[in-house]
2 protein chains.
Amino acid sequence: MSDEDTRTRILTSAGPIFAEKGFAQATVREICQAADVNVASINYHFGDKERLYIETVRCAHRLRVEAVQLPAWTETTTPATKLRGFVRMLLGRMLEQAETPWQSQLMLREVLNPTSACRELVEEHFRPHFEMLAGIIRELAPMALPSYQVHQICFSVVGQCLYYRVAWKIVTILESDAALATHYSIDKLAEHIAQFTLSAVGAGSMFPMAGTPDNNKAID
Amino acid sequence: MSDEDTRTRILTSAGPIFAEKGFAQATVREICQAADVNVASINYHFGDKERLYIETVRCAHRLRVEAVQLPAWTETTTPATKLRGFVRMLLGRMLEQAETPWQSQLMLREVLNPTSACRELVEEHFRPHFEMLAGIIRELAPMALPSYQVHQICFSVVGQCLYYRVAWKIVTILESDAALATHYSIDKLAEHIAQFTLSAVGAGSMFPMAGTPDNNKAID
DNA sequence: CTTGCCATCAAACAAATGTTTGATATACTT
DNA sequence: AAGTATATCAAACATTTGTTTGATGGCAAG
């Protein structure tokens with residue numbers, strides 16, 4: 001890590017720090033120490049702290065766009081399976097903190113606290129995923145829907161996932177420890193959200209013995 | 001406002017400032033200037049900045065608990081109507097920024113970025129609402145459900161609402177201006193979320209001419 | 001009146017933070 | 001070899017921040 005360009009050393013060191021503490025709480029000295037460069041380097045290479053931050057976000061989502069392969073399904077994959085896969089991916093990306101790359105954290109920060117780097121991030125990174133989800137929803141729905149409705153359903157899906165990321169603390173307080181240990185793994189939560197959504201759009205039921213035929217366990 | 005006790009003047013001035021900028025970004029000088037008191041007053045009356053913050057959060061939710069009346073329904077009110085009312089209240093509380101009292105902002109901040117004041121806030125303020133929502137879900141569901149499942153459905157409802165609060169910026173980028181103007185009012189969004197949820201738990205359908213009988217427009 | 005307590009105040013303090021400066025070394029050009 | 005542009009560095013700078021200090025004034029009890 002120490003034979004790289006100073007500029008890139010700063011960028012890669014700034015990433016995790018900005019991701020963890022946010023723009024204001026991260027200090028240039030901390031970043032420079034992590035990068036093992038002089039404090040003046042940031043101002044020399046980037047002008048000021050803010051421009052470093054924007055560059056870092058740009059860099060983060062560029063790395064992320066390359067790393068994340070949108071799941072490729074065969075043409076026989078059922079939309080329900082696609083939805084399950086999509087939700088699992090989304091939730092996994094948000095929750096597995098340990099392995100969560102700093103890029104994801106930084107991007108989430110940009111969602112909750114948008115700066116000037118936000119628009120670019122949405123257009124290049126979120127919109128493709130959003131459109132993919134919208135496509136799945138259209139496949140699932142029993143009829144053609146106006147796009148605003150498809151979009152709102154997408155937001156409902158994403159919102160359910162995001163909740164466990166931003167309000168996890170609340171969940172742990174409201175729910176019992178036993179239930180948390182048993183029913184709140186990433187896989188269990190993804191299954192709940194997918195099932196809830198499938199049921200909402202009329203492509204299955206949440207309940208094993210509901211009136212409608214049990215077509216929610218198809219293929220998979 | 002200037003004849004009150006200094007201590008309460010600080011508390012009421014600190015509220016909106018902490019709510020808007022968060023703990024770290026708010027400065028004691030700013031708070032003291034707003035309260036028209038000496039900078040030393042905070043340390044004299046509260047010890048330090050952090051204890052002032054905790055007191056402010058406590059004060060916020062105490063005021064809020066009194067102000068917010070849980071909607072009282074008659075015993076003939078259908079659970080679907082209750083859910084619509086609940087979602088509308090939740091979403092309204094989160095979105096009407098203009099009139100949003102600083103207490104709500106501060107509480108949201110505590111959700112997203114929990115401090116030691118969080119647990120007390122959840123127990124005294126959120127849990128009653130949560131239990132009420134859980135009761136509605138139990139009424140709606142076609143069969144008895146394990147409580148963890150009821151809770152997860154509650155989280156799905158709250159998550160859908162919270163999304164428009166924390167990621168509104170993303171919504172405005174992803175959705176067209178025309179659709180935003182037409183279909184993203186608080187009432188429209190509340191209706192979508194309620195309908196989505198009703199459909200998910202098998203108490204209605206999102207689609208006017210779906211296979212199941214259209215029992216989602218009952219009474220209301 | 002004096003004493004002691006309490007609240008308030010201006011001023012100072014110490015630490016942290018983003019940025020700038022001027023020197024120094026390295027590498028490339030002429 | 002001389003000169004020039006570039007990158008790096010330690011040090012200093014100017015602000016801002018939370019906190020402390022010592023003085024001042026009011027006020028009730030003795």
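Visitor: Which helix axes come within 7 Å?
Guide: This is a predicted model. In it, the axes of H11(A) and helix H11 (residues 186–200) of chain B come within 7 Å. They cross at roughly 100°.

Visitor: Are they parallel or perpendicular to each other?
Guide: Roughly perpendicular. Angles of 65 to 115 degrees count as that, so H11(A) and H11(B) qualify.

Visitor: Which residues make that contact?
Guide: From H11(A), they are Phe196(A), Thr197(A), Ser199(A) and Ala200(A). From H11(B), they are Phe196(B), Thr197(B), Ser199(B) and Ala200(B).

Visitor: How many are nonpolar, polar or charged?
Guide: The contact of H11(A) with H11(B) has four nonpolar and four polar residues. No charged residues take part.

Visitor: What about H11(A) and H8(B), how do their axes cross?
Guide: At roughly 70°. Helix H8 of chain B covers residues 147–166, and its axis comes within 11 Å of the axis of H11(A). H11(A) and H8(B) are therefore roughly perpendicular too.

Visitor: Which residues make the contact there?
Guide: H11(A) brings Leu189(A), His192(A) and Phe196(A). H8(B) brings Gln152(B), Ile153(B), Ser156(B) and Gln160(B). By class, that contact has three nonpolar residues, four polar and no charged.

Visitor: Let's zoom out. How many residues does each chain put into the contact?
Guide: Chain A puts in 51 residues, and chain B puts in 50. Between them, the chains bury about 4,800 Å². Of that area, 72% is on carbon and sulfur atoms.

Visitor: Which three residues of chain A supply more of its buried area than any other three?
Guide: Phe155(A), Leu174(A) and Phe207(A). They supply 16% of the area that chain A buries against chain B.

Visitor: Which helix of chain A gives the most to the side that touches chain B?
Guide: H8(A), with 14 residues. Several elements give two or more residues, including helix H1 (6–25), helix H7 (118–140) and helix H11 (186–200) of chain A.

Visitor: How does that side of chain A divide by class?
Guide: Into 33 nonpolar, 13 polar and five charged residues.

Visitor: New topic. How many helices and strands does chain A have?
Guide: Chain A has 11 helices and zero strands.

Visitor: And what box do its C-alpha atoms fill?
Guide: Roughly 70 × 40 × 30 Å for chain A, taken along the principal axes.

Terms used
Residues numbered from 1 in each chain as written. Chains lettered and ligands numbered in written order. Predicted model: local features only at pLDDT ≥ 70, side-chain atom pairs only at ≥ 80, totals over all residues. Heavy atoms only, no water. Contact = heavy atoms within 4.5 Å. Buried area = accessible area lost by both parts, 1.4 Å probe. Helix = DSSP H or I, 4+ residues; strand = E, 2+ residues; numbered from the N terminus. Nonpolar A, V, L, I, M, F, W, Y, C, P; charged D, E, K, R; others polar. Axes fitted to C-alpha atoms, helices over the stretch in contact; angles between N-to-C directions. Parallel < 35°, antiparallel > 145°, perpendicular 65-115°, else oblique.
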